[in-house]
Amino acid sequence: MLAVRSPRSPARLVYNGGVRWAGRTKASTSHHVPADPGDAPPALEVLGVRKSYHQGSGDVVVLNDVSLRIEPGEFVSLVGPSGSGKSTLLHLAGGIDRPDAGVVRVDGIDLSQLAAGALARVRRRHIGFVFQFFQLLPTLTVQENVELPLMFEGSRQNDARELLDRMGMGGKARRYPGELSGGEMQRVAIARSLVAGAPLILADEPTGNLDTTNAGEVLDLLTEQVRHAGSALLLVTHDAAAAARADRTVTLEDGRLT
Ligand code: ADP
Ligand code: MG
C-alpha cells in the first residue's frame, strides 16, 4: 500500500493497489480515497538501526541501535556534537544510504525492500531534502530547479511558482542559482523539497551556511511552509532557537539517540 498526497491539499490519501479502501464502491477514474487519519502510518520509522564506517585500521560504529518514530505532521529537531552521526541518520532516513542492520520505513514503506528504481520513486514522492549547501543545479533556472522532482512524474503536484511566491522568490523564478544569495538559494531548495507534496521533509543544517538574519528568516519559512504542507519535518540543527520550535528534540551522542 502506498500512502500519497493529493496534489494541492495536505489531507492524506491512501492508494491500496486499486482495491477500494474501507469498502467504498463509488465508481471513479481515481484510485485515491481519503483515509481515516488514524490509518496514517508514521512519516518516519527507524527501528534498531546500526551503521559503521571503515576508518583507518578498524570500523567505527556511528549509529548503534538507533530508533526514532515521527508522526505525520510532527516537527522533530535532531541535535548532537559534530561527528555524532546526524547526517548519517538523515541519509538512512532518506534512502540515500542503507543501514547495516535495522529497518527504515518512510510513510509505511520499508526502504530496505526496494530495488533502486522503486527507491528513487519513493525518494521523489515521499521525501523532501534540504541540504546545508543547497545542492541546486547551476544550469537550471530557479523555477526549473524547483520543478526538477516532478520531471519524472506523470502528474503535476504542487505548483512550483506558487511555492516560490510563498518563499518570497516569485520575482526571481527565471534567474539562475549563481545570481542568488545563500539565503535565496536555500529558499529555492526549500520550495524544491515541498514541490512533490512529500509527507517527510529532512533538513540537514539548512541554516548552517547563512548569516544570523538570513538563518532566522529561512528557518521561519521552512517551518511555516512545512506546517502549511502538513508534512513532518526532521531538522538537524546547531541552533538552540531552531531546536526550541520543534514539537520534540532528540539528541544523538555516542551512537545512541536520547
Ligand atoms: P554529523 O552530521 O553529526 O556531524 P556524520 O553523520 O557526518 O556526523 O558523521 C559521523 C561519523 O561518521 C564521523 O566520524 C564521520 O567521519 C563518519 N563518516 C560519515 N560518513 C562517512 C563515510 N562515507 N565514510 C567513512 N566515514 C564516514
Ligand atoms: Mg552533518
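Biologist: By class, how many nonpolar, polar and charged residues does the shell around ligand 1 have?

Modeller: The shell has 3 nonpolar, 7 polar and 1 charged residues. Here Ala, Val, Leu, Ile, Met, Phe, Trp, Tyr, Cys and Pro count as nonpolar, Asp, Glu, Lys and Arg as charged, and the others, Gly among them, as polar. Bear in mind that this is a predicted model, where local features need pLDDT of at least 70, side-chain atom pairs count only at pLDDT 80 or more, and totals for chains, interfaces and linings use all residues. Residues are numbered from 1 along each chain as its sequence is written, chains are lettered from A and ligands numbered from 1 in the order in which they are written, and side-chain values use heavy atoms, with hydrogens and water left out.

Biologist: Which residues surround ligand 1?

Modeller: A residue is near a molecule if one of its heavy atoms lies within 4 Å of it. Around ligand 1 you'll find Y53, Q55, V62, P81, S82, G83, S84, G85, K86, S87 and T88. Helix α1 (86-93) gives the most, with 3 residues. Helices (H or I, at least four residues) and strands (E, at least two) are DSSP runs, numbered from the N terminus.

Biologist: Which side chain has an N or O atom 2.6 Å from an oxygen atom of ligand 1?

Modeller: That's T88. We call a pair of N or O atoms within 3.5 Å a polar contact; within protein, one must be able to donate a hydrogen and the other to accept it, and residues adjacent in sequence count only if both atoms are side-chain atoms.

Biologist: How many salt bridges does the structure hold?

Modeller: Side chains of opposite charge can pair when their charged atoms come close. A salt bridge is a side-chain nitrogen of Lys or Arg within 4 Å of a carboxyl oxygen of Asp or Glu. This structure holds 10. Take R105 with E45, whose closest N and O atoms are 3.2 Å apart. R105 sits in strand β7 and E45 in strand β4, so the pair ties together parts 60 residues apart in sequence.

Biologist: Is E45 buried or exposed?

Modeller: Buried means under 20% relative accessible area, exposed over 50%, partly exposed in between (1.4 Å probe, protein chains only). E45 is buried at 14%, while R105 is partly exposed at 26%.
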